[in-house]
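I opened my notebook to look up a few things in this structure and to write each one down in whole sentences. The sequence and the structure belong here, ahead of my entries.

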Amino acid sequence: MKNRPSSEDVALRAGVSRATVSAYLNRSRYVSPELQRRIEQAIKELNYIPDPLARALKMNDAKTIGLIIPIVSNFYNPMIRAVNECAHQKSFSFLLASSEEDSNREKEILRVFLAKRISGILVVPCSYQNRSFLQQVYQNGIPIVQVNRKIADLDIDSVVSNNFQAAYNATRHLTDRGRKKIALFGYDPGSLANYEKKTGYDTALKEYKFPNLTIQIQEHNFQNFRENFNTFINTNNIDGLICTTQTKTNVALSILNEKKIRIPEEVAVVGFDDTPWSSLLQTPLTVISENTHQMGIMAAQMLLDRIEAKEKRLPEHILLEDKLVIRDSS
């Protein structure tokens, strides 16, 4: 198999030094018009294609942005598409990885990104565990934007939803409909995913002195979702339910249907994330709607602006409001 032409081959064909070829390709110093013509002719004759990664490594920047999400799911697909498109428009490559809600895996992905001389990182943090590491990366000059979730005391750019207000509004909506035994499904104390939603739910319940009926789960464990919700519904009498993710909404609706519990007559339900099927159910579903596509656009543009500015600025924090879409299930 014939070896791919190298910059050294170009230099030999053009009768110039390899350093001159490098200067021409990288625009790092002046190259006379005559030498430029000879190099261009050699590139054409050899069908030479410069290696963008090798050039980027020399410049200490692979012109690539990375996105770390906690799980590959329909919820994050609009965000992924938005980031990919923003990167493409700016001629950046795009890397995607999933932490699977594992802080050790998240840290390893960050290390891999850094080894690839990444230009900037978007991260949906899975916990507080990597706070110091993220801070260190940021202080070493790699722009980082937190997306969808935010580590409270990490002073790095963020674009997140107002999950506290969304859960508060959903809980108040159910109390306004006369519901007094409202459950929150679910909450993992070790995860960032649902903390703000739980706080919003707790705050609304305290105003009415209603009981707190939080269903704890192990985040990112589907079987655990089913077991915990099934056990809870068998031992507790509830008249309202708020689900904190799309997956938990699916689990809850499935089990309520299996047990022939009527919605909303017996239990009013508020799901999370507005999907195409939410309005097509036999009882159209009330949902907390979060615009992850818009979130992805804003976060990617913020990151790319930071990269192009090549200077540190005070961190910016953008808070997006979710929408409560009221339908027949509540």
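I began with the sheet of this predicted model, an open sheet of six strands with parallel pairing, in the order E2-E1-E3-E4-E5-E11. Strands are DSSP runs of E with at least two residues, helices are runs of H or I with at least four, and both are numbered from the N terminus; two strands pair if DSSP finds at least two bridges between them. I noted that E2 (93–98) and E11 (317–320) stand at the edges with a single partner strand each, so one side of each has no neighbour in the sheet. Neighbouring strands are turned by 15° against each other on average, direction ignored.

Before going on I wrote down that residues are numbered from 1 along each chain as its sequence is written. In this predicted model, local features need pLDDT of at least 70 and side-chain atom pairs count only at pLDDT 80 or more, while totals for chains, interfaces and linings use all residues, and side-chain values use heavy atoms, leaving out hydrogens and water.

Next I looked up how E11 is held to its partner: four bridges join it to strand E5 (residues 158–161), and the two run parallel. In these strands Ser158 has His317 as its bridge partner, and Val159 has Ile318.

Which residues of E11 lie on its covered face, and which on the uncovered one? I found Ile318 and Leu320 on the covered face, and His317 and Leu319 on the uncovered one. In a regular strand the side chains alternate between the two faces of the sheet.

Then I turned to helix H12 (residues 292–309), which lies across E1, E3, E4, E5 and E11 and runs at about 170° to E5. Angles run from 0 to 180 degrees between N-to-C directions, with axes fitted to C-alpha atoms.

My next entry is on helices H2 (residues 18–26) and H3 (residues 33–46), whose axes come within 11 Å and cross at roughly 90°. The two are therefore roughly perpendicular (65 to 115 degrees). In contact (heavy atoms within 4.5 Å) are Thr20, Val21, Tyr24 and Leu25 of H2 with Leu35, Gln36, Ile39, Glu40 and Ile43 of H3.

Last, I checked Lys198 in helix H9 (residues 195–208). Is Lys198 buried or exposed? At 15% relative accessibility it counts as buried, since buried means under 20% relative accessible area with a 1.4 Å probe, protein chains only.

Technical notes
Buried < 20%, exposed > 50% of the residue type's maximum accessible area, 1.4 Å probe, protein only. Parallel < 35°, antiparallel > 145°, perpendicular 65-115°, else oblique.
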